[in-house]
Amino acid sequence: MEHMALHITGDAAADELLSTDAFALLTGMLLDQQVAMETAFAGPLKIKERTGSIEPQAVAGYDPERFAELFKQTPAVHRYPGSMAGRVQSLAQAVVDDWGGDAAAIWTQGDPDGAEVLKRLKALPGFGEQKARIFLALLGKQLGLEASGWREAVGHYGEDGCFASVADITDPESLAKVRATKQAAKAAAKAPKA
């Protein structure tokens, strides 16, 4: 994976791991639900520190009960440690089985276009349409992915300056803008329909 510097968590070590390890970044995206983005994307470093590895083979092969216990340690990896530990192990197993243990192959193997990368991401455990689109936007906007048509594949997440997702976070200011966009969307969704 091309080395780039992500600034998502506010923790230099966690951001460095995300910036240099494709599976760590994929895992952070998987964890990004029902917790703050910073907490989700700091999860891979906690996993690595507690298990000794964030390699897909090691994560997939870890004893599931012990792995879930590691998620519960304070600070917790996720607010739903049991189910999310299982999802991370399922993701790791899919990367091992389908991509030879190389998470970056999902977006590089065979020089795929944006639509193909999106399809590959959606095939991963825990990655629905929206999560796959956001992750593809992150690859395109911040990691230099040059897959043709990636912006079209991700829809509004590909727009420059939209501050709609983690793909747009580059510093504390942009994090605040993404939070404001998400809060406005939630408020609009809760508003009574006229």
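The largest nonpolar core has 67 residues, and Leu26, Phe71, Trp107, Leu121, Phe135 and Leu136 touch the most other members. A nonpolar core here is a set of buried Ala, Val, Leu, Ile, Met, Phe, Trp, Tyr and Cys residues joined through side-chain atoms within 4.5 Å. Buried means under 20% relative accessible area, exposed over 50%, and partly exposed in between, with a 1.4 Å probe and protein chains only.

This is a predicted model, where local features need pLDDT of at least 70 and side-chain atom pairs count only at pLDDT 80 or more, while totals for chains, interfaces and linings use all residues. Residues are numbered from 1 along each chain as its sequence is written, and side-chain values use heavy atoms, with hydrogens and water left out.

Take Leu121 from that core list. Setting aside neighbours within four places in sequence, Leu121 is in contact (heavy atoms within 4.5 Å) with Leu26, Ile106, Phe127, Ala132, Phe135 and Leu136.

Next, Arg120, which is found in helix α8, residues 114-122. Helices are DSSP runs of H or I, at least four residues, numbered from the N terminus. Is Arg120 buried or exposed? Arg120 counts as buried because its relative accessibility is 14%. With neighbours within four places in sequence again left aside, Arg120 contacts Trp99, Ala105, Ile106, Gln109 and Pro112.

Now a helix pair. α2 (residues 22-31) and α3 (residues 37-51) pack at an angle of about 130°, and their axes are 7 Å apart. The axes are lines fitted to C-alpha atoms over the stretch in contact, and angles run from 0 to 180 degrees between N-to-C directions. The two helices are therefore oblique to each other; under 35 degrees counts as roughly parallel, over 145 as roughly antiparallel, 65 to 115 as roughly perpendicular, and the rest as oblique. On the α2 side the contact is made by Ala24, Leu25, Thr27, Gly28, Met29 and Leu31, and on the α3 side by Ala40, Phe41, Gly43, Pro44 and Ile47.

Last, the backbone. Most residues other than glycine have a negative phi, and most peptide bonds are trans. The bond from Thr74 to Pro75 is cis, with omega near -5°, and Pro75 sits in the loop between α5 (64-72) and α6 (81-99). Gln34, in the loop between α2 and α3, has a positive phi near 60°. Gln34 is exposed, at 53% relative accessible area. Phe163 also has a positive phi, about 45°, in the loop between α10 (150-154) and α11 (172-190). Phe163 counts as partly exposed, at 21% relative accessibility.
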